[in-house]
Amino acid sequence: MTAAPIRYSIQPIDLAGHLFSVSCEIGAPAPAGQCLSLPAWIPGSYMIRDFARNIVSMSAESEGKPVGLEKLDKHTWRAAPVADGAVLRLIYTVYAWDLSVRTAHLDQTHGFFNGTSVFLAVEGQTDLPCQVDILPPPADAVGHWRVATAMREAVDVDGAAHRHGFGWYEAGNYDELIDHPVEMGDFTLASFEAGGVVHEIVLTGRHDCDLARLCEDLTQICQWQIDLFGGPPPMSRYVFLTMVVGDGYGGLEHRASTALLTRRDDLPFHGMGKQTEGYQRFLGLCSHEYFHSWNVKRIRPAAFIPYDLSRETHTPLLWLFEGFTSYYDDLALVRSGVLAVEDYLGLLGKTVSQVQRGAGRLKQSVAESSFDAWTKYYRQDENAANAIVSYYSKGALIALALDLQIRLHSEGAQSLDDVMRALWQAHGQSDIGVTEEMVFSIVKDIAGSTIARWLRKAVSAAEDMPLARWLKKFGVQLQIDVADTASLGARLGATSGPAVLSVVHEGSAAHRAGLSAGDTLIAIDDLKVTAETLVPMLARRAAGSTVRIHAFRRDELMCFDATLDSGDSTTRLALLERPATPMRRLRHGWLGR
């Protein structure tokens, strides 16, 4: 006999109070008492978030009578036993006021939620099919709201949803249920086709987006990625759920969709002409999250099979899943023809500069950064730049170096693309988790033992790589430009108001002088300084000169003498004017042009 599905419902009930009402019905609860829990983290964001803290109230009933609930820990409850054959129903409210891609948000303009924030897991029954009734808010509260999600509309259910409508949806199990975020509201909708699959773009918030241009560019990017892995795409439909705001940026991958947060100024507008930096950034974000459809959603670390969402789950492999994805996100733009080569080299130069500016790159490897993501990368403090390295940025440079070396070793016959396809065939299509040794083995099979040994060292050591030497063989010059302005080697916490230091770089002028993060600068050479005036004041001084700085540390006035450094150096990549034919051939294979 087939077990009855777990049935949920969710409805916005108080838009101004930001409350969802949620129910969960279990047809065959555990005889000794059913345990239920809410995840502590969401896949793709490696930080304990304790979503259960947003549950405002909860009760249980069966056959019209109350059922006792006992809280076992911060996110687990146990319902008392019910009569044999009776249905157990949990009813609870969830506070939703986090405008991010990770949790849930509700107000008069829209509703958004990830399943990890709202749907209780029925312990021991998470493999059962799930159905969810997505209900509209009170009729007099909003206008014409619709629903956007990659979740399937239910079949053979009274009140089954139609595409973009309220009603019943279904998922194969709990893991699938919580991997389909939902947007509801009066959003803008557009679509395009890539790989024979419909892709939807949902924009929530005020905007003046040129949807035709966005669809055209995303079509090329998505099709290139589909072709890279050998198509067809691993989903039957894909949705870009995008919240448009005045200032914000972020993305989170899901099996058939992504949740995005973007500045409205980053979207393309009618008559835009040349791409803006903001639009390039948004396309890169879309490309990044779409690449995750293969790399991390289906090619997964062994530690994530199955997911344990109740606690931290460590893996040393985020350099592969986030770092390599960060390499391919912008590479897909240039190789699909959406981005000019010169613009791509500019973005790549910024990544190199970002990594080089942090002293943490010489102290922490990307494997260590991956493993410690929960406690260091996602919980950065004022000393992070001096102590840790980003497995995103440094991982992207390792992917670049690996790609270049494979191409050089094989004279352009093979590349990192072959490694990604091998990972997809051996692990993504079979759902066999990946370990570090498996990655090194695949690289060895494709590129040889020398390059595999180099990769092993690159991810486990805190060292710089000779990128300039490798890039030159592809007809690309790497140049370091030293700023001609003076600098303290510190960052401010805000661009206006008091000049409060948020980061003091190790070995910098500020560090040598004794300044610390949290200090408030009030005067330089007896002249008042603010966040707005600090840079102009330093620009009037030469590197090597000494300035007297007065600052408050807490409520104590202190005085420091700082010998100024040169400003931050930047990395610039440029095409060689007359590259040799082998260089041109290698570069064309790498960049597609």
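Lining the second largest pocket are 22 residues, and T126, Y174, Y307, D308 and L309 lie nearest its centre. A pocket here is an open set of points on a 1 Å grid over the protein atoms alone, where a 1.4 Å probe fits, with protein on both sides within 12 Å along at least five of seven lines; lining residues have an atom within 4 Å of a point. The lining comprises 9 nonpolar, 7 polar and 6 charged residues.

This is a predicted model, in which local features need pLDDT of at least 70, side-chain atom pairs count only at pLDDT 80 or more, and totals for chains, interfaces and linings use all residues. Residues are numbered from 1 along each chain as its sequence is written, and side-chain values use heavy atoms, without hydrogens and water.

Now to the sheets. Strands are DSSP runs of E with at least two residues, helices are runs of H or I with at least four, and two strands pair if DSSP finds at least two bridges between them.

| Sheet | Strand order |
|---|---|
| open, 8 strands | β5-β4-β8-β2-β1-β12-β15-β14 |
| open, 5 strands | β17-β18-β19-β21-β20 |

Strands β18 (residues 197–204) and β19 (residues 237–245) run parallel over 7 bridges, with V198 opposite R237 in β19. Helix α3 (residues 211–229) packs on this sheet, touching β17, β18 and β19; contact means heavy atoms within 4.5 Å.

How values were computed
Nonpolar A, V, L, I, M, F, W, Y, C, P; charged D, E, K, R; others polar. Axes fitted to C-alpha atoms, helices over the stretch in contact; angles between N-to-C directions.
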